Amino acid sequence: MFGLEALDLARIQFAFTISFHILFPAITIGLASYLAVLEGLWLKTHNDTYRDLYHFWSKIFAVNFGMGVVSGLVMAYQFGTNWSRFSDFAGSVTGPLLTYEVLTAFFLEAGFLGVMLFGWNKVGRGLHFFATVMVAIGTLISTFWILASNSWMQTPQGFEIVNGQVIPTDWLAVIFNPSFPYRLMHMATAAFVATAFFVGSSAAWHLLRGKDNPAIRKMLSMAMWMALIVAPIQAVIGDFHGLNTLEHQPAKIAAIEGHWENHGNEATPLILFGWPDMKEEKTKFAVEIPYLGSLILTHSLDKQVPALKEFPPEDRPNSTIVFWSFRIMVGLGFLMIFTGLWSLWLRKRDTLYTSRPFLYLALWMGPSGLIAILAGWFTTEIGRQPWVVYGLMRTADASSNHSVMQMSITLILFVVVYFALFGAGLGYMMRLVRKGPKIDEGKETNDGGPGQKRTPARPLSAADDAHAEADVSLTKEI
């Protein structure tokens, strides 16, 4: 297929499925905590705006959660189907870590999700809030175990190799490997920021179309406070993460920087833009800032950063890709910080909800967090190459013995099914977003009953209301 080998197709297939999957858990993590905050504020202040927002976003959370679970199961199976040699080599580490995720996080989420979604008028307020908090905690525990497994592949420790297989010798060392704390904080914070801009974009969309009510304003206000506070924190975490990567995966940093060689004792410049050429071993059209590379990566003006030519060609990541994926992530990060600062300036001028240029920026920044997460994962995973377990097992030695035809057929099937299934799911979720929160939609007095109209508790039932409202609007226009 297009001159690619079975290994290339297996990598593309896994990259495709994980790229789809990571979008859903990121929003799930952020929305779960957002819902817990909304319900907590409602219980504390008795402001019905928080309750209305809770009911609105809980429907979107439910749809997103379902798509995340389904897409995650596919990835788990791929470890056995497409990467059986990796599973045989490192399954004694990755298998238990993923099992712990199911036994702790998934069971916790599943156990309380039903109460959270369907128990609003069936259990006490305290118990319902407890269920929401447990779901939010479950999403973070899930992040903990998934990042522990992936981080071990980046910086493995706490093991020995016996008969060609990894045998854990210290589970605390396996879990709390050198890159794990930084990557856990980086991913969790990224999920919160991505969700903030998703929520803020939704509010901006409604405000631009003249739908201005307390719930919409509260959405935008909370989202921009989160962006203002957390986006700069994410930049600081990213700096610490970069220093950790420089220590444990210097080739990845060299590829990210497009830095090929050091000259004498000169400090390393920062290459803002350019085109790393893997064949010619240089970065073409480079725009450099002297000393800045050393300052950012070593926090000094004289220390040098390792260069790609210091590593054998077969051990170098693809600098062309990670150079630009990293800059996309960082560029979006700066835009997020700018958006948060602009929102603060407008808030002080009392024009946060009426400044159309800002609302358009907030609208277009809606997917920025998710794009940045994808760019960050591409940087991390491609930057680890050619290793599947860094320094221990090469990716070429990890795949199953499948033919090009088998991998081509399954890849095509994945693309078709994913775009059809998850495209429909995303379309439905965006329809819910466009519908917007209803005022008083969660009131106990509007719970339905014979002959009474109510807001459905089931997420999929909300579509009927959306169609009904669309039909009434169309009738009026005619």
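1. Glu280 is partly exposed, because its relative accessible area is 45%, where buried means under 20% relative accessible area, exposed over 50%, and partly exposed in between, computed with a 1.4 Å probe on protein chains only. Glu280 forms a salt bridge with Lys284, with the closest N and O atoms 3.2 Å apart; a salt bridge here is a side-chain nitrogen of Lys or Arg within 4 Å of a carboxyl oxygen of Asp or Glu. Lys284 is likewise partly exposed, at a relative accessible area of 24%. Salt bridges that share partners join Asp277, Glu280, Lys282 and Lys284 into one network.

2. On provenance, this is a predicted model, in which local features need pLDDT of at least 70 and side-chain atom pairs count only at pLDDT 80 or more, while totals for chains, interfaces and linings use all residues. Residues are numbered from 1 along each chain as its sequence is written, and side-chain values use heavy atoms, with hydrogens and water left out.

3. The count of salt bridges comes to 10. One of them is between Arg51 and Asp52, whose closest N and O atoms are 3.1 Å apart. Arg51 counts as buried because its relative accessible area is 3%, and Asp52 counts as buried because its value is 2%.

4. Asp315 and Arg394 form another salt bridge, with the closest N and O atoms 2.5 Å apart. The pair links distant parts of the chain, 79 residues apart: Asp315 is in the loop between helix H9 (292-298) and helix H10 (319-348), and Arg394 is in strand E6 (residues 393-394). Helices (H or I, at least four residues) and strands (E, at least two) are DSSP runs, numbered from the N terminus. Asp315 is buried, with a relative accessible area of 19%, whereas Arg394 is partly exposed at 26%.

5. Which side chain of opposite charge is nearest to Arg183, a residue that is buried yet has no salt bridge? It is Glu381, 4.2 Å away, where Lys and Arg count as positive and Asp and Glu as negative, with His and the chain ends not counted. Arg183 is placed in helix H6 (residues 180-208), and its side chain makes a polar contact with the side chain of Ser151 at 2.8 Å. A polar contact is a pair of N or O atoms within 3.5 Å; within protein, one must be able to donate a hydrogen and the other to accept it, and residues adjacent in sequence count only if both atoms are side-chain atoms. Leaving out residues up to four places away in sequence, Arg183 touches Leu147, Asn150, Ser151, Gln154, His241, Trp377, Thr380 and Glu381, contact meaning heavy atoms within 4.5 Å.

6. Asp212 is located in the loop between H6 and helix H7 (214-248), and it is partly exposed, with a relative accessible area of 40%. Its side chain makes a polar contact with the side chain of Arg217 at 2.8 Å. Residues up to four places away in sequence aside, Asp212 touches Leu207 and Arg217.

7. The aromatic pairs number 29, on the rule that rings of Phe, Tyr and Trp (its six-membered ring) pair if their centres lie within 6.5 Å, planes under 30 degrees apart counting as stacked, over 60 as edge-to-face and the rest as tilted. Phe16 and Tyr418 form a tilted pair, because their ring centres are 5.6 Å apart and their planes are at 50°. Phe16 lies in helix H1 and Tyr418 in helix H13 (residues 404-435), so the pair ties together parts that are 402 residues apart in sequence. Both Phe16 and Tyr418 are buried. The rings of Phe414 and Tyr418, with centres 5.7 Å apart and planes at 70°, form an edge-to-face pair. Ring pairs link Phe16, Phe20, Phe24, Phe414, Tyr418, Phe419 and Phe422 into a cluster.

8. The largest nonpolar core has 92 residues, of which Tyr34, Trp57, Ile60, Phe61, Phe86 and Met219 touch the most other members; such a core is a set of buried Ala, Val, Leu, Ile, Met, Phe, Trp, Tyr and Cys residues joined through side-chain atoms within 4.5 Å. Helix H1 (residues 6-45) supplies the largest share of this core, 18 residues. A second, separate core of 13 residues includes Phe197, Met336, Ile337 and Met365.
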